[in-house]
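Subject: Structure handover

Hi,

Here is the structure I promised to pass on. Please open it alongside this note.

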Amino acid sequence: MISVCIATFNGEKYIKDQLLSILSQLSDEDEVIISDDGSKDKTLDIVNGLSDRRIHIYKHEKNQSLYNKYLSAFYFSSYNFENAISKAKGDVVYLADQDDIWSADRIKRTLPYFNKYDFLMCNYAIIDACGNVVNKKYLHSNPIGGNLIWNLWKIPFRGCCMAFKRDVLAKTVPFPRNCINHDIWIGLLLTHKGYKCKFVDEPLHFYRDHTTNVSSVVGKSPNPLYFKIWYRLRFLFQVLSFKSK
């Protein structure tokens, strides 16, 4: 059984296209877990309108004690994903963003790797807000290193391109308090703990680059140097001190 976990918030513009690209390659026994962070638009109406019994919607209540002028969007997104992950029942769990599109054969091309590996990340193409491909293959080599310091320096993990054995993903929860990015946390912790990761060089994901992304994977980060140092040190401390329940 496969679970696909999506954290949604005001995603009405693209959520239908994303879901259709996913549902078309799932079996009747698979599931899509949607954790919604209080969308005020038509996101849930669109999802319900698909009338697909494989879709399960859960409401997530934001932890307002985590409100921060600059970081709230990151915190809320991370814990929204944590809520979705906690509901997954599949043996393999894929993470998905609300505004991207999957390659039509993504599951077929990646699922066999779980006979040997604990988790994987596929390469991706870049599309614009209208769905036009602007970069057919973003990564030119495997960005994931074999040690914590390398991965802290490079920050190579892209949750929307990742999938995991569920029992391995369960090792990463509960997320630490003030978790800035769920995918960075999961990737750093699992590689540090020695779980086997496969990088799939073939682009099997279409990442939509537009002005409303919570975080961007395209181009140079706009964050100031002090912030880059601060959050890397925070992740270092969180990974080294984490004890899974």
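Is Ile184 buried or exposed? Ile184 has a relative accessibility of 6%, so it counts as buried. The cut-off for that is under 20%. Bear in mind throughout that this is a predicted model.

Ile184 sits in helix H7. Beyond its neighbours up to four places away in sequence, Ile184 touches Ile155, Phe157 and Phe235. Take the pair Ile184 and Ile155: they are 29 residues apart in sequence. In space, their C-alpha atoms are 6.8 Å apart.

Now the helix packing. Two packed helices are described by the angle between their axes and the distance between the axes. Here the helices are H7 (residues 182-192) and H8 (residues 225-241). Their axes come within 10 Å and cross at roughly 50°. H7 and H8 are therefore oblique to each other. The crossing of H7 and H8 is right-handed. H7 brings Ile184, Trp185, Leu188, Leu189 and His192 to the contact. H8 brings Phe235, Gln238, Val239 and Leu240. Sorted by class, the contact of H7 with H8 holds 7 nonpolar residues, 2 polar ones and no charged ones.

**The nonpolar core**

The largest nonpolar core has 70 residues. Which of them touch the most other members? They are Val4, Leu19, Val32, Tyr94, Trp185 and Ile186. Helix H3 (residues 72-87) gives the most to this core, with 7 residues.

Leu19 is worth a look. Setting aside residues up to four places away in sequence, Leu19 touches Ile6, Val32, Ile34, Val47, Leu50 and Ile55. Leu19 belongs to helix H1 (residues 15-23), where Ile15, Gln18, Ser21, Ile22 and Leu23 are buried along with it. What covers the buried residues of H1? The cover includes strands E1 (2-8), E2, E3 (55-59), E4 (92-96) and E5 (101-102), plus helix H2 (43-49).

**Ser35**

Ser35 lies in strand E2 (residues 31-36). Its relative accessibility is 0%, so Ser35 counts as buried. Leaving out neighbours within four places in sequence, Ser35 is in contact with Ile6, Ala7, Thr8, Tyr58, His60, Asn80, Asn83 and Ala84. Ser35 and Thr172 are 137 residues apart in sequence. Their C-alpha atoms are 18 Å apart in space.

**Backbone points to check**

Most residues other than glycine have a negative phi, and most peptide bonds are trans. These are the exceptions I would flag.

- The peptide bond from Val173 to Pro174 is cis, with omega near 0°. Pro174 is in the loop between helix H6 (166-169) and H7.
- Asn10 is not a glycine, yet its phi is positive, at about 50°. Asn10 lies in the loop between E1 and H1. With 33% relative accessibility, Asn10 counts as partly exposed.
- Ser51 also has a positive phi, near 50°, in a residue other than glycine. Ser51 is in the loop between H2 and E3. Its relative accessible area is 68%, so Ser51 is exposed.

Best wishes

Note on methods. Residues are numbered from 1 along each chain as its sequence is written. This is a predicted model: local features need pLDDT of at least 70, side-chain atom pairs count only at pLDDT 80 or more; totals for chains, interfaces and linings use all residues. Side-chain values use heavy atoms; hydrogens and water are left out. A nonpolar core is a set of buried Ala, Val, Leu, Ile, Met, Phe, Trp, Tyr and Cys residues joined through side-chain atoms within 4.5 Å. Buried means under 20% relative accessible area, exposed over 50%, partly exposed in between (1.4 Å probe, protein chains only). Helices (H or I, at least four residues) and strands (E, at least two) are DSSP runs, numbered from the N terminus. Contact means heavy atoms within 4.5 Å. Axes are lines fitted to C-alpha atoms, for helices over the stretch in contact, and angles run from 0 to 180 degrees between N-to-C directions. Angles under 35 degrees count as roughly parallel, over 145 as roughly antiparallel, 65 to 115 as roughly perpendicular and the rest as oblique. A crossing is left-handed if the near helix is turned anticlockwise from the far one by less than a right angle, and right-handed if clockwise. Ala, Val, Leu, Ile, Met, Phe, Trp, Tyr, Cys and Pro count as nonpolar, Asp, Glu, Lys and Arg as charged, and the others, Gly among them, as polar.
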